[in-house]
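Work through the exercises below with the model open.

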Amino acid sequence: MVIAIGIEGSANKLGVGIIQDEHVLSNVRHTYITPPGEGFLPRETAQHHREHVLDILRKALEDAKITLKEVDVICYTKGPGMGAPLTVGALVARTIAQMYNKPMVAVNHCVGHIEMGRLITRSSNPTVLYVSGGNTQVIAYSRQRYRIFGETIDIAVGNCLDRFARLLKLSNDPSPGYNIEQLAKKGTKLAPLPYVVKGMDVSFSGILSYIEEHISSWLDSKEFTPEDLCFSLQETVFAMLIEITERAMAHVKSSEVLIVGGVGCNERLQNMMQIMCEERNAVLYATDERFCIDNGVMIAVAGLLQYKSQGHTPWTETTCIQRYRTDDVHVSWRE
């Protein structure tokens, strides 16, 4: 029985998770929430992480009913993510590892999402749609790599939703995407938005620019309500994501889809993907907000798999990389 602790802090979510082999012992998280109309900046986000990390670590150990001496391996997010917040997690992980003489494992954030999704849902070899504030990728496994079949060529879908929420001055509590989702349920009219799929890739910045250009006239003339615009944006961008996911499934002859990442909690996205899967006789796997939103458990899960197959990360490599590609990781634990 191996106990792993995972520390995640690549963006505005700070999480510490503890697992014992495949059993989740604790999953504690704290979110840095900014005022409506504002995003989160690296410096302030890192400050938030510094202020809360020890309390969250303490709470995670209490929930798991263990001490740091009982932990076998310390896992942390190496990247991708925002530089300053990432370094807070790495610093805490290195400090604990030195104090208690424990091995460390540096984990790719995206691979963490995938491996935890596979564990929680028990999916075997799914085509993965990874959608979050910083990443949008369609991924399938082949020859010990997670291969990227399509991705955003500019901003991530979560970033598009967040910036749209700022235009409407929506609250960031609990998250901009969640608040858009609730308003969208009341929307009825579909606004004509650009639909931008380029081969297997998608683009969201042009949609955002188009909305910025027209939003005042739409709202002033009452042609569309804020609820209509939330509904329209979701329907458009989610349709784009489902199109490229279905194309990747056809290419690899897949009968499973796994949605991971913070935007993956969205019930409308899950519902639209379910319709596509039923038409293809495929199975959809998704998780709720405990696991789709950034958390420490996913880092512990991927880190433990890595540790059991490759051993620990050499001390000189326990650094952070802001741009750390999903397909850069040698997935040694899969056939």
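Helices (H or I, at least four residues) and strands (E, at least two) are DSSP runs, numbered from the N terminus. The model is predicted, so local features need pLDDT of at least 70 and side-chain atom pairs count only at pLDDT 80 or more, while totals for chains, interfaces and linings use all residues. Residues are numbered from 1 along each chain as its sequence is written, and side-chain values use heavy atoms, with hydrogens and water left out.

**Exercise 1.** Describe the chain over the annotated domain.

Step 1. An unreviewed UniProt entry lists residues 24-300 as "domain: Gcp-like"; UniProt positions are in the numbering used here, feature names are shortened, and annotations may be inferred rather than shown by experiment.

**Exercise 2.** Locate the annotated binding site and examine Tyr130.

Step 1. The unreviewed UniProt entry gives "binding site" for His109, His113, Tyr130 and Asp294.
Step 2. These residues span 186 residues in sequence, yet no two of their C-alpha atoms are more than 12.0 Å apart, so they gather at one spot.
Step 3. Tyr130 belongs to strand β6. Its relative accessible area is 0%, so Tyr130 is buried (under 20% relative accessible area; exposed is over 50%, partly exposed in between; 1.4 Å probe, protein chains only).
Step 4. Contact means heavy atoms within 4.5 Å. Leaving aside neighbours within four places in sequence, the contacts of Tyr130 include His109 and His113, as well as Asn135, Val260 and Gly261.

**Exercise 3.** Take apart the largest nonpolar core.

Step 1. A nonpolar core is a set of buried Ala, Val, Leu, Ile, Met, Phe, Trp, Tyr and Cys residues joined through side-chain atoms within 4.5 Å.
Step 2. The largest one has 48 residues, and those touching the most other members are Val131, Phe164, Phe204, Ile207, Leu233, Leu269 and Met273.
Step 3. Elements giving two or more residues to this core include β6 (127-131), α4 (157-167) and α8 (267-279). The most come from α7, with twelve residues.
Step 4. Not counting residues up to four places away in sequence, Phe164 touches Ile180, Leu208, Ile211, Leu229, Cys230 and Leu233.
Step 5. Another core lies apart from this one; its 32 residues include Leu258, Ile299, Ala300 and Val329.
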